[in-house]
Structure formats: structure tokens, C-alpha cells
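Colleague: I'm new to this one. Can you put it up and walk me through it?

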Amino acid sequence: METALLSEENVRKEEPVTLVSPRNPTPTEILYLSNIDQTVAFNVETVFFYEVPEDAQADASSIIELVKEAVSDVLLIPYYFMAGRLRFNFDEGRLELVCNNKGVLFVGARSSLELKELGNLSFPNPSFQHLILPTEGFHDLADTPIFSIQVTRFRCGGFSVGFVVNHSILDGRSAAEMFLSLASICRGEGLQTHELNTDRSSIRARSPPQIKFKHTEYTKLAEASSTSFTSPILSSQSIRDPPRISSFRLFSFSPEMINHLKNKSELKCSSFEAVVAHLWRARTKAVFDDQKKMSSVLFAVDIRSKVSPPLPHGFIGNAVITASASAEVEEMGKKSFSFCVGLVREAIDRVNDEYVRSVIDWLEVFKGVPCALNGNFFVSAWWKLPFHELDFGYGKPIYGGPAVSGMEEFVLLLSDGGGMGKEKECGINVWIALHPEKMEKFQSYIFEI
């Protein structure tokens with residue numbers, strides 16, 4: 001069957017509504033956003049697909065109303081701040097979150113297509129943009145929602161839930177916890193969330209700043225010409241509108257292939273370290289012509305347990321910093337796979353309390369963003385997040401992941417669903433975008449295992 005593309009003709013959206021929190025701080029509360037939050041003020045767009053058994057389809061017909069009420073009546077009590085708006089404080093030179101209850105955008109939609117007509121849902125599909133409710137197009141920052149939800153019912157009785165969340169408010173782990181709470185409410189099991197801690201003051205910069213390391217993993221804003229990490233003031237460059245010169249592909253690594261990579265390394269390593277090292281080598285060969293250039297791979301490291309004292313229980317915000325491994329292109333070509341694995345491991349091990357504090361202080365001085373420039377790239381390990389558990393009452397998703405990503409500087413690692421999120425059992429789907437000529441080279445290197 002030929003894969004059908006979603007369009008405005010076959011996805012009919014209702015008029016969007018604004019959902020407000022039953023809890024509205026008086027006077028209006030201003031939440032401090034950390035220096036880490038400032039670096040990631042772009043939208044992250046995810047879609048989850050659900051098949052519904054025939055005997056449950058009559059019940060599932062109310063899924064749009066069910067999700068809507070769960071958000072407005074329950075979720076937005078603890079997550080009241082998600083109904084707020086970002087504001088740029090010119091005196092401080094930074095973003096802050098205004099908890100003014102301007103609301104979360106919600107829309108219901110119906111599609112004349114069946115889920116099976118969309119083909120393999122794990123393949124990058126730009127038409128999935130019709131399953132999310134964009135938050136671009138508002139007059140200014142004060143009007144722009146930081147959270148939107150779209151529930152779409154398909155002709156077969158199945159449905160999708162699409163989320164748009166501004167990354168500056170929540171990191172992947174925090175967003176996953178919020179989605180899981182929403183799903184729990186819809187199942188009739190109530191909120192599963194613990195007390196939320198929105199206080200980011202424990203990761204404020206020191207006064208005066210004490211920068212003790214070279215932080216080549218970040219770049220000053222003035223130097224950032226990358227499309228993926230632009231301004232922390234309002235970048236939502238289009239994950240939904242990929243650059244036309246790029247082609248993007250999905251490469252699947254089975255558990256056996258991942259284990260083979262781990263065994264290939266002379267150093268004992270995790271699946272993440274092995275896959276990142278392998279991707280880095282293959283992409284470097286495909287992208288760099290100059291053997292004397294430096295090649296870098298960047299990735300997020302969770303700092304919740306690495307800072308001292310550890311971040312408070314229920315911390316809401318971005319608790320990840322960027323780490324990077326770098327080597328000369330020529331050296332990477334000559335040395336063994338274990339060399340790259342070792343550099344990735346060192347980058348992870350480098351992240352301790354003092355390193356984290358130094359990053360935060362560097363960001364205070366230079367207002368930088370992750371340095372995915374000049375052929376370098378950022379790997380994001382989505383497969384470690386519990387998105388596969390997102391059950392709205394009709395079973396776990398048949399697929400869940402980003403709406404689409406066509407940014408050459410951003411590579412996503414997604415679960416293939418086989419291991420239900422358990423690293424030892426699941427395969428990994430790699431989403432990558434490159435210029436067509438470079439993609440051709442990459443394809444010839446990626447399966448050299």
C-alpha cells in the first residue's frame with residue numbers, strides 16, 4: 001500500500017481553545033529560569049499513535065473531550081506554570097516564566113485516513129506536522145503559548161496525541177513525567193506526579209563567576225549561525241519545516257548489532273557510548289573533507305545526581321548540560337573504534353559538580369548555546385525516556401516520537417519499541433538529516449560494524 005500523506009484536506013481541526021489552570025497564583029508569580037534553561041528555548045514537538053480495539057471504539061470516541069478535561073481540570077493544578085508565558089527581562093538580559101494563566105492551547109481534530117495508510121510510523125514523515133498544534137504565529141512572546149496539545153481521531157478508530165512544549169521549561173525527563181501524569185488521569189487513576197519543585201535557584205551562577213574549564217561544547221550567541229540552536233529568546237526553527245537541501249533517514253540498529261558494537265570496543269561500554277562513538281566516526285567520514293579539522297559530537301548529561309547537593313526531589317526544569325568529545329578527523333580515521341568510545345566515556349565522566357558549576361558560570365558570562373556548528377552535531381537519546389509507557393486508557397502507543405526532524409546538527413536516538421524501553425532488549429532507531437551527497441557517503445559507512 002502506498003503511504004498516504006497527511007494534509008489540511010484529510011485532517012480537519014476544530015477551533016483551538018485555551019485551557020486555563022484552576023490554580024492561578026495571585027499576585028502573578030515569576031519563575032526564574034536557569035542558565036541551562038536559557039540555552040534551549042525552542043519547541044519540541046512529539047506525536048504518539050494509538051490503535052483502539054474494535055470493542056473499545058465507542059468508548060474511545062470521547063478521547064478528545066477526555067484529554068481536554070484531564071488537562072483543564074486536573075493536570076494544570078500542579079502544572080499551573082505550563083499555562084504561563086515566557087518574557088524577556090531586558091534589565092537582567094534573560095528569559096523568565098510569567099505564571100499569568102494565559103492558558104494552554106488545545107485542539108481536537110479528525111482525519112479521514114486510517115492509521116495503516118500512514119505506513120511505518122517510525123519513519124521521518126514531514127506531514128506529521130498536521131498532528132500537532134503549532135505555537136508560532138503569535139504577535140509577540142507575551143502571547144505565545146509554551147504548551148499545546150492536539151488529539152486527532154482517525155477513521156479506523158485509532159487516535160494520536162501531539163504535544164508542543166517549549167524546552168526552556170522542561171527537559172525530556174520532566175516532560176515525560178508530565179505526559180505520564182496526563183495519561184494516568186485519562187485512565188482514571190489520577191495524578192501520578194509527586195510534589196513538583198520549580199525552584200531553580202540551586203543551579204544559579206556563582207558571584208563572581210568561576211570558570212575553571214574550557215567549554216568548547218558551547219558557543220557564544222554572536223557566533224551561533226546554526227539553525228538548530230539559535231537564539232534563546234524564541235527559537236523554534238522548524239523541526240516541522242526541515243531545510244530542503246537535507247535528506248533525512250532512519251537507520252535501525254538491532255540489539256544484536258548494538259551488542260556487536262559493544263564487543264568491538266576494547267573498553268567495556270554502555271549501548272549509548274558504543275552507538276554514539278560509531279555514529280560519530282561514520283558521520284565524520286561523511287561530512288569532513290579536511291583531515292586536519294576537529295570533529296566533535298555533543299550530547300546531554302543528566303546532572304540531577306552529579307551536583308552537590310543533588311537537585312531537589314521533583315525538580316522541574318532542565319537538569320542536563322551539554323558534554324562533548326572532540327578529535328582530529330585524521331586521528332579518528334587512523335585509530336581504533338575504542339579510541340572514540342574512550343573519548344565519549346571521558347566526556348561523560350568529566351561532568352561532576354565542579355564542571356557543572358563552571359558551565360553555569362560560563363553561560364552567565366557568555367550567554368552561549370550548544371556548539372553544533374561547522375560539521376559538529378548533537379545526539380539526543382530519546383530512547384531512554386519512558387514515552388513507551390504513555391497509556392491513555394487504550395494501551396501503550398504503537399509509536400511515539402518527534403513530529404519530524406530535518407536538522408543536520410541534531411541526531412535522535414529512538415527506541416524501536418522492541419524492548420519497551422529496556423536498554424538491554426530494545427533496538428535503536430537513528431534519525432539523521434544530511435545534505436544528499438553526504439547522506440550517500442554516510443549510508444556507506446554506517447553499517448561498517
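Predicted model: local features only at pLDDT ≥ 70, side-chain atom pairs only at ≥ 80, totals over all residues.

Colleague: What is the average pLDDT of the protein chain?

Modeller: The average is 90, and 92% of the residues score at least 70. Residues 225–244 have a pLDDT below 50, and in the model this stretch makes 56 contacts beyond near neighbours in sequence.

Colleague: Noted. Now pockets: how much space lies in the largest pocket?

Modeller: About 990 Å³. It is lined by 44 residues, and G172, A300, V320, S380 and A381 are the closest to its centre.

Colleague: Which elements give two or more residues to that lining?

Modeller: The strands are β4 (43–50), β12 (294–302), β13 (320–328), β15 (377–381) and β17 (410–415), and the helix is α4 (172–186). Helix α4 gives the most, with 5 residues.

Colleague: And how does the lining of the largest pocket split by class?

Modeller: There are 31 nonpolar residues, 8 polar and 5 charged.

Colleague: Changing topic. Which residues of helix α10 are buried?

Modeller: In α10, residues 436–446, they are M439, F442 and I446. They cover an arc of only 60° around the axis, so they sit on the same side of α10.

Colleague: Why would that spacing put residues on one side?

Modeller: An α-helix has 3.6 residues a turn, so residues three or four places apart point the same way.

Colleague: What do the buried residues of α10 pack against?

Modeller: They pack against β11 (247–253), α6 (271–287) and β18 (428–434).

Colleague: And which exposed residues are on the face turned away from the buried side of α10?

Modeller: That face carries E437 and E440.

Colleague: Back to β18, then. I picked I428 there. Is I428 buried or exposed?

Modeller: I428 has 1% relative accessibility, so I428 counts as buried.

Colleague: What is I428 in contact with, leaving aside neighbours within four places in sequence?

Modeller: The contacts of I428 are F251, S252, F253, I258, V275, W383, L413, L414 and D416.

Colleague: What about M257: how many residues along the chain lie between it and I428, and what separates their C-alpha atoms?

Modeller: I428 and M257 are 171 residues apart along the chain, and their C-alpha atoms are separated by 9.7 Å.

Technical notes: Residues numbered from 1 in each chain as written. Heavy atoms only, no water. 1 Å grid on protein atoms, 1.4 Å probe; cavity = no way out; pocket = protein on both sides within 12 Å on 5 of 7 lines; lining within 4 Å. Points joined across faces, edges and corners; volume = space filled by probe spheres on them. Helix = DSSP H or I, 4+ residues; strand = E, 2+ residues; numbered from the N terminus. Nonpolar A, V, L, I, M, F, W, Y, C, P; charged D, E, K, R; others polar. Buried < 20%, exposed > 50% of the residue type's maximum accessible area, 1.4 Å probe, protein only. Arc of directions from axis to C-beta. Contact = heavy atoms within 4.5 Å. pLDDT = per-residue confidence, 0-100.
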